[in-house]
Amino acid sequence: MVSDTWFRVLVKAISHDTSSYVWHEMTFCSRWDPQRCIVLCIGVDLTFQHLLQQTLSRMWPKISPSEPFSLHVPLVQTILELQDSSVWSIRDVVRTIEKVSVT
């Protein structure tokens, strides 16, 4: 038995000068078979890589390689952390930009 998945995630991030924002598009592809699980992370930045490494080091003993979606748990946890950080860091700036662009 083989299981293949892919999904795409967008995260809004503020620019360094705080006058605008950009979208970070990340794509994740996985393949699981009874011998191994492989996950390809496309378009992730260094922040995501660092957060994923931290999450994997915390969760590694609990990850069961026999479960087809076992590596999705640390991926989703990392995405949630990145999204949470994004929302709280840019909330006010984005709201100001969107008010201006409507008028």
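Predicted model: local features only at pLDDT ≥ 70, side-chain atom pairs only at ≥ 80, totals over all residues.
Hi everyone, this short talk covers the pockets and the salt bridges of one structure.

Residues are numbered from 1 along each chain as its sequence is written, and side-chain values use heavy atoms, with hydrogens and water left out.

Let's start with the pockets. A pocket here is an open set of points on a 1 Å grid over the protein atoms alone, where a 1.4 Å probe fits, with protein on both sides within 12 Å along at least five of seven lines; lining residues have an atom within 4 Å of a point. A volume is the space filled by probe spheres set on the points.

The largest pocket holds about 240 Å³ of space. Its lining has 14 residues, and Ala-13, Thr-47, Leu-82, Ser-85 and Ser-86 lie nearest the centre. Which elements supply at least two residues each? They are strand E1 (3-14), strand E2 (21-33), helix H1 (46-59) and helix H2 (72-102). Helices (H or I, at least four residues) and strands (E, at least two) are DSSP runs, numbered from the N terminus. H2 gives the most, with five residues.

By class, this lining has six nonpolar, five polar and three charged residues. Ala, Val, Leu, Ile, Met, Phe, Trp, Tyr, Cys and Pro count as nonpolar, Asp, Glu, Lys and Arg as charged, and the others, Gly among them, as polar.

The second largest pocket has about 160 Å³ of space. Among the residues that line it are Pro-34, Arg-36, Trp-60 and Leu-71.

Now for the salt bridges. How many does the structure hold? There are four, each being a side-chain nitrogen of Lys or Arg within 4 Å of a carboxyl oxygen of Asp or Glu.

One of them joins Asp-4 and Arg-31, at 2.7 Å from N to O. This pair links distant parts of the chain, with Asp-4 in strand E1 and Arg-31 in strand E2, 27 residues apart. Asp-4 is partly exposed at 47% relative accessible area; that term covers values between buried, under 20%, and exposed, over 50% (1.4 Å probe, protein chains only).

Another salt bridge pairs Arg-58 with Glu-81, at 3.4 Å from N to O. Here Arg-58 sits in helix H1 and Glu-81 in helix H2, 23 residues apart. Glu-81 is partly exposed, at 24%.
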